[in-house]
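Trainee: I am new to this structure and would like to know what stands behind the terms used for it.
Mentor: Then ask about them one at a time.

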Amino acid sequence: MSDPLILIPARMTATRLPGKPLADIHGEAMIVHVWRRAMEAGIGPVAVATDEARIVDVIEKAGGRAVLTRADHPSGSDRIKEAADILDPQGRHDVIVNVQGDLPTIDPRVIAASVGPLSDSAVDIVTLAAIITREDEKTEPSVVKAIGSEIAPGRMRALYFTRVTAPGGEGPLYHHIGLYTYRRKALDRFVSLPPSPLERRERLEQLRAIEDGMRIDIIVVDDVPLGVDTPHDLDRARAILSARAGA
């Protein structure tokens, strides 16, 4: 495999925290913090994919790269597909890592770890999950559960993703983390497919790949990075990054 290309989709239209990519965290926009975590992974070039010129401006001022994409993309996957075609039209990068733009506290090491399973030619996509430790999260629909079959310590082959409490019986439940590492051909295939029945029913786009027969492997990580969706989340992210800076 060639060096992966890390792409960070970012848009300004979040309903619960409008303009959140530009939300200030210790003097820098949140999207800059995410870009820094991706750079720290050290696995390949990084770019932000956005439909907002202000986001391009703050990334470029921080020394990074950003690309303007169309405003009408239905998902981040579609946005990074366009960005990959703009930045790498020859297809030199055969691995695309999609790091969500609202994960300023993500551990760069888990970004790097997500590439490893693609050394198996049977794997199309890699994602992350962590064991759920809080009882309330086991029944919370906003916490997506990853269901998989263990194939090695810390690695599963994904069977399903759901918002309900599953699977039943004794054993851990896994909180899905929305980072995706695609084989380039798998990304092209994924965005060419129409939304699938289970995807529409669960409102989970990764089910489109499952229903099409694509293989998703899951790396199990130690904890769930904080996704910033609300002002409270933003305050928590500031506290976490402040504590790390002081460590």
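What follows is a conversation about the terms and the values behind them.

Mentor: The model is predicted, so local features need pLDDT of at least 70 and side-chain atom pairs count only at pLDDT 80 or more, while totals for chains, interfaces and linings use all residues. Residues are numbered from 1 along each chain as its sequence is written, and side-chain values use heavy atoms, with hydrogens and water left out.

Trainee: How many helices and strands does the protein have?
Mentor: The protein has nine helices and 11 strands. Both are DSSP runs numbered from the N terminus, a helix being H or I with at least four residues and a strand being E with at least two.

Trainee: What percentage of the residues is buried?
Mentor: Buried residues make up 52% of the 247. Buried means under 20% relative accessible area, exposed means over 50%, and partly exposed is in between, using a 1.4 Å probe and protein chains only.

Trainee: Why is Val34 called buried?
Mentor: Val34 has 0% relative accessibility, so it counts as buried. Val34 lies in helix H1. Leaving aside neighbours within four places in sequence, Val34 is in contact with residues including Ile8, Val99, Gln100 and Pro104. Contact means heavy atoms within 4.5 Å.

Trainee: What makes Glu40 partly exposed?
Mentor: Glu40 has 49% relative accessibility, which means that it counts as partly exposed. The place of Glu40 is in helix H1. Glu40 and Asp107 are 67 residues apart in sequence, and their C-alpha atoms are 8.9 Å apart in space.

Trainee: Where is Thr105, and why is it called buried or exposed?
Mentor: Thr105 is in the loop between strand E6 (95–98) and helix H4 (108–113). At 5% relative accessibility, Thr105 counts as buried. The C-alpha atoms of Thr105 and Pro225 are separated by 6.0 Å, although the two are 120 residues apart along the chain. Besides touching Pro225, Thr105 touches Leu226, Ala237, Ile240, Leu241 and Arg244, again not counting residues up to four places away in sequence.

Trainee: What makes a set of residues a nonpolar core?
Mentor: A nonpolar core is a set of buried Ala, Val, Leu, Ile, Met, Phe, Trp, Tyr and Cys residues joined through side-chain atoms within 4.5 Å. The largest one has 35 residues, and Ile6, Ile8, Ile31, Val48, Val97, Val99 and Ile111 touch the most other members. The largest share of this core, six residues, comes from helix H1 (residues 30–41). Another core lies apart from it and has 30 residues, among them Val67, Ile125, Val191 and Leu207. In soluble globular proteins, nonpolar side chains tend to be buried together.

Trainee: How do you know that the peptide bond from Ala166 to Pro167 is cis?
Mentor: The omega of that bond is near 0 degrees. Pro167 lies in the loop between strand E9 (155–162) and strand E10 (174–183).

Trainee: What is the phi of His26, and what is the phi of Arg203?
Mentor: His26 is not a glycine, yet its phi is positive, about 55 degrees. Arg203, another residue other than glycine, has a positive phi near 60 degrees. Most residues other than glycine have a negative phi, and most peptide bonds are trans. His26 is in the loop between strand E2 (24–25) and strand E3 (28–29), and Arg203 is in the loop between helix H7 (197–202) and helix H8 (206–211).

Trainee: Why is Arg203 called exposed?
Mentor: Its relative accessibility is 62%, so Arg203 counts as exposed.
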